[in-house]
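Dear colleague,

Please find the structure we discussed below. My notes on what was found in it follow directly after.

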There are 2 protein chains.
Amino acid sequence: MSALEGAADGFEFDADTAVEPLGRGRFGGVVSPRWSIGPYPNGGYLLALAMAAVRRTATLPDPMAVSAHFLRPSEHAHPCEIEVATVRSGRSHATLEARLAQDGVERLRAIATLGDLGALTGGGPTAELGTPPDLPPLASCPRDRGGARALPNGLVAAIRDRLDVRFDPSTLGFANASPSGRGLMQGWVRLRDGREPDTAALVLLCDCLPPAVFDIVVGGWVPTLELTVHIRARPSPGWLACRFTTTHLRDGYLEEAGEIWDSAGVMVCQSLQFARVNPPPSSG
Amino acid sequence: MSALEGAADGFEFDADTAVEPLGRGRFGGVVSPRWSIGPYPNGGYLLALAMAAVRRTATLPDPMAVSAHFLRPSEHAHPCEIEVATVRSGRSHATLEARLAQDGVERLRAIATLGDLGALTGGGPTAELGTPPDLPPLASCPRDRGGARALPNGLVAAIRDRLDVRFDPSTLGFANASPSGRGLMQGWVRLRDGREPDTAALVLLCDCLPPAVFDIVVGGWVPTLELTVHIRARPSPGWLACRFTTTHLRDGYLEEAGEIWDSAGVMVCQSLQFARVNPPPSSG
């Protein structure tokens, strides 16, 4: 589907993060089933939904540093309420807090510091010591065939139908129960309906690939306990090069560190999450 | 000073993070001047002070994932009030929120997920793919001579008198205005009065060395905007091997990623902070 066709119906990401003000800092939304892994909504999607309410409240447009703690599983195809409070509102940065609840039970709490990445002059100290993900050309990266086929953990993931992911084949060992042991998951990513990336979508996209820990230990359910996202620049249109790594797996707890580089070669988003490998949930 | 001598008077870290309950989730404390850089309290110290109130409230002992947003500069040698609320209290994890204010103005807001690292069985999936900081032996690392001499940014740092830091000499280029350009700051660290590290002190120690960005751009004032800390294990007594790196410096904004390894070779603490290089403050 081209970007134009997508726009006619509204893009999936925008439709599924739409929130309506309910007054006094409260917003209503629906946790869509379209971004789930098995019965569980993706953590990045849930945070993007909460951030939609934050962005409706803030005077500055771009999330720059977002920290989210996931308290309990949330339910998809189910409404939610997001409560937003401004903690501090300044000229260059504003900090807000969001609480996402379903049926009166809080599922996610986040603190977000926003700024205006479009207002940066480029005149400040700059040094890029990193390198973009070392990915084969797009044509050599197999396209993920979507969510109809179960993942190695037995779960069917609807989120795979929302994304166009071209995996680095060397990180796909998990699909055949032969992980490389490097703790690496990387590939080219864009939204399948042609919606271009922006700073709102990066909050989702930094949690969009299968867990990098699958490249060490295959299977299991890897719920996010905490997710930190740093956004450095508004991404250019086109494919994003994404690299996620798990280096320290200890007694089931792990980190996943991520970088997203845009089509102009800019490191636009860095993430660090804290998660735990659990046995897969009993049913989908 | 030996650990025993320190204990007789009480250790500095414990004295300076002592908080008293004021009722209804409120705690009183004092932001000590002993952990400052120029006029500004160290971010890790301020978070450790807020976490002291969290630990007094939580039913689980160890911070596992802590996210803090720094809202405004705080004042040292000045009282503070910390308000703590329990967000969720579960069997293996509890999440709490802390707000640190001075003179009724909030300076720091944090969300912390705690657990019991002593209760982990070691039976869960484990793989350490990282390597400890590549440090010369202790005897080859110069000892920081303390805070009387100003840093390259013109600030006198009292925190240097609280720590015993033995720098990797290859990362000390900043002291002679000749940074290596690698964005690396590393060394052996312990508290100077002999207090052994624990999960409370790691929250401070993950922000205790000069900014790694000084190994790229010397000088300036580098306030922390956001600090995320993941704690994986209770540290063994002895020296800690600490490595902090800045890889992406863009228009004055930067990340600092850290790892702390204990004397038993365990990666006990991982951190990621978001900060900004500013011109030095005009006066100390």
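**Interface between the chains**

In this predicted model, the area buried between chain B and chain A is about 5200 Å², with carbon and sulfur atoms giving 60% of that figure. Buried area is here the accessible area (1.4 Å probe) that two parts lose on being put together, summed over both. B:Arg232, B:His248 and B:Asp251 supply 14% of the area that chain B buries against chain A, more than any other three residues. In terms of contact (heavy atoms within 4.5 Å), 60 residues of chain B meet 60 residues of chain A.

The model is predicted, so local features need pLDDT of at least 70 and side-chain atom pairs count only at pLDDT 80 or more, while totals for chains, interfaces and linings use all residues. Residues are numbered from 1 along each chain as its sequence is written, chains are lettered from A and ligands numbered from 1 in the order in which they are written, and side-chain values use heavy atoms, with hydrogens and water left out.

A salt bridge is taken as a side-chain nitrogen of Lys or Arg within 4 Å of a carboxyl oxygen of Asp or Glu. By this rule there are 37 salt bridges over all chains, and four are found across the interface of chain B and chain A. B:Arg109 and A:Glu97 form a salt bridge through their side chains at 3.0 Å, N to O. This pair crosses between chains, from strand S8 (residues 105-115) of chain B to strand S7 of chain A. The side chains of B:Glu255 and A:Arg232 likewise meet in a salt bridge, at 3.1 Å, N to O.

**Strand pairing**

Helices (H or I, at least four residues) and strands (E, at least two) are DSSP runs, numbered from the N terminus, and two strands pair if DSSP finds at least two bridges between them. Between the chains, strand S9 (residues 127-128) of chain A pairs with strand S14 (residues 248-250) of chain B in the antiparallel sense over two bridges. There, A:Ala127 has B:Leu249 as its bridge partner.

Within chain A, strand S6 (residues 78-89) is joined to strand S2 (residues 26-31) by six bridges, the two running antiparallel; A:Gly29 stands opposite A:Cys80 in S6(A). Eight bridges join S6(A) to strand S7 (residues 94-102), also antiparallel, and A:Val84 has A:Ala98 as its bridge partner in S7(A). S6(A) and S7(A) form a hairpin with four residues between them.

**Chain A as a whole**

Chain A contains four helices and 16 strands. Its C-alpha atoms fill a box of roughly 50 × 50 × 45 Å, taken along the principal axes.

With kind regards
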